[in-house]
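Please look over the model shown below together with its sequence. The report that follows treats its surface, its strands and its salt bridges in turn.

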Amino acid sequence: AMLRSASAALLVMAVGSQLGCSSEAFLLNAGTVCHRRSPVRDSSAMRLRDRISRSELSTRGRATRAALSESLKSTLVHSSERAKTLPWKESVAGAEHKLLYMPFLEWQLDFMKKNFPDMKDLPFEEHLSKQTSTKKPAVIESWQYETKEFRKIRLTYIDAGQNAQVFNSVWYPRHTYDAPVFGIDFLAFGKKKVLAILDLQPLTQDPAYLEKYIDPLVPLRNKYEELCGRMSSKFYDETRFFSKQLLFGRFDNDEPVMKSLFPAFQEYMEYYLKMIRELTPNDSNDFTSHVAELQREYDQYSAEKDPAVGLFSTYWGENWAEDFTYNFLFSEAVPQPKPAETKAE
């Protein structure tokens with residue numbers, strides 16, 4: 001998020017114990033799911049009202065949505081203005097800590113500016129754009145845009161010094177394209193737990209669809225041997241919104257980050273944009289409605305599975321974490337009643 005993004009838009013030793021799980025279990029969960037945030041909510045007032053009115057929610061779900069919609073009252077912010085302060089010069093935890101993925105954020109924004117002369121801000125609520133933790137040194141900031149081909153491209157960076165460095169981005173094509181969602185999740189929890197996930201996330205597992213969009217990735221993926229790992233099937237559901245050609249790497253040092261991950265990140269992004277621009281948009285009602293539903297299913301699945309919500313809660317509180325998840329990361333998802341709440345009713 002911010003992919004699940006997650007992702008998620010997302011410490012192993014410390015946060016794992018805080019969340020009641022082992023550091024390895026937390027890392028696996030975060031790594032598996034984060035790119036479902038993946039990679040990021042159309043949160044303008046009009047769009048959110050439309051989503052609220054058309055959603056058929058349970059009583060508890062409706063109440064939750066009503067509470068989240070209070071964010072409509074806050075100021076909407078524009079990403080282009082805040083992006084002028086990038087790149088950050090030092091970590092919120094101190095100059096001795098490396099901003100490991102800041103070059104990725106900086107390069108992607110530059111890539112977008114060069115390739116999308118029509119790029120526009122996609123305004124969203126100010127309180128979701130940036131938060132600094134009052135519990136420990138940590139900051140999260142997000143940016144969001146739209147272009148001719150993409151209805152939303154969101155980016156999120158989490159800096160908690162050595163405890164956590166996270167970069168997440170998700171690209172949602174417009175509904176005139178049935179192409180995969182592009183999900184990026186790079187995480188580091190201390191110097192010896194570095195995780196990278198990058199995927200063209202298919203909207204369906206239909207064989208013809210996979211042959212068209214995923215199979216051509218094989219030669220490109222094979223160029224990056226260090227990133228050809230497989231995530232455990234215990235956490236990774238290939239039958240949903242993931243491809244067999246995803247890039248996945250887990251390292252005990254950060255050397256591969258710039259050596260292997262950075263060029264792979266650049267090449268995949270260039271490939272993805274080229275692929276989109278070679279497609280012919282289909283603006284028929286049946287087609288766009290079908291794609292819109294698939295993307296809604298992607299967001300719903302991701303919002304419900306993303307373990308990063310626990311990480312957000314630890315640093316910025318449960319209410320903000322849920323608001324951020326449903327009003328930014330997975331903007332087409334609808335909050336569901338929790339089991340305890342359902343039983344109480």
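## Surface and overall make-up

The protein chain exposes about 14,500 Å², of which carbon and sulfur atoms supply 51%; accessible areas come from the Shrake-Rupley method with a 1.4 Å probe, and for residues only the protein chains shown count as cover. This is a predicted model, in which local features need pLDDT of at least 70 and side-chain atom pairs count only at pLDDT 80 or more, whereas totals for chains, interfaces and linings use all residues. Residues are numbered from 1 along each chain as its sequence is written, and side-chain values use heavy atoms, with hydrogens and water left out.

Of the 345 residues of the protein chain, 57% count as buried, where buried means under 20% relative accessible area, exposed over 50%, and partly exposed in between (1.4 Å probe, protein chains only). The protein chain holds 14 helices and 10 strands, which are DSSP runs numbered from the N terminus (helices H or I, at least four residues; strands E, at least two).

Strand β6 (residues 150-159) runs antiparallel to β7 and is joined to it by 9 bridges; two strands are taken to pair if DSSP finds at least two bridges between them. Within this pairing, Leu155 has Ser169 of β7 as its bridge partner. The two strands form a hairpin with 5 residues between them, and Gly161 in the turn has a positive phi of about 65°. Strand β8 is in turn joined to the antiparallel strand β9 (residues 194-201) by 8 bridges, with Asp185 partnered by Ile197 in β9. Here too there is a hairpin, with 5 residues between β8 and β9 and a positive phi of about 80° at Gly190 in the turn.

Burial of β7 (residues 165-173) extends to 9 of its 9 residues, so this strand is largely enclosed by the rest of the structure. Gln165, Phe167, Ser169, Trp171 and Pro173 point one way from β7, while Val166, Asn168, Val170 and Tyr172 point the other way, and all are buried. For β8, 8 of the 8 residues are buried, so β8 is likewise largely enclosed by the rest of the structure. Both of its faces are covered, with Val181, Gly183, Asp185 and Leu187 on one side and Phe182, Ile184, Phe186 and Ala188 on the other.

## Salt bridges

The structure holds 10 salt bridges, each being a side-chain nitrogen of Lys or Arg within 4 Å of a carboxyl oxygen of Asp or Glu. One of them joins Arg82 to Glu141, with the closest N and O atoms 2.8 Å apart. Because Arg82 lies in helix α5 (residues 79-82) and Glu141 in strand β5 (residues 139-146), the pair ties together parts that are 59 residues apart in sequence. Arg82, at 15% relative accessibility, counts as buried, and so does Glu141, at 3%.

Glu141 also meets Lys130 in a salt bridge (3.9 Å, N to O). Since Lys130 lies in strand β4 (residues 130-132) and Glu141 in strand β5, this pair ties together parts that are 11 residues apart in sequence. Lys130 counts as partly exposed, at 43% relative accessibility. Through shared partners, salt bridges join Arg82, Lys130 and Glu141 into one network.
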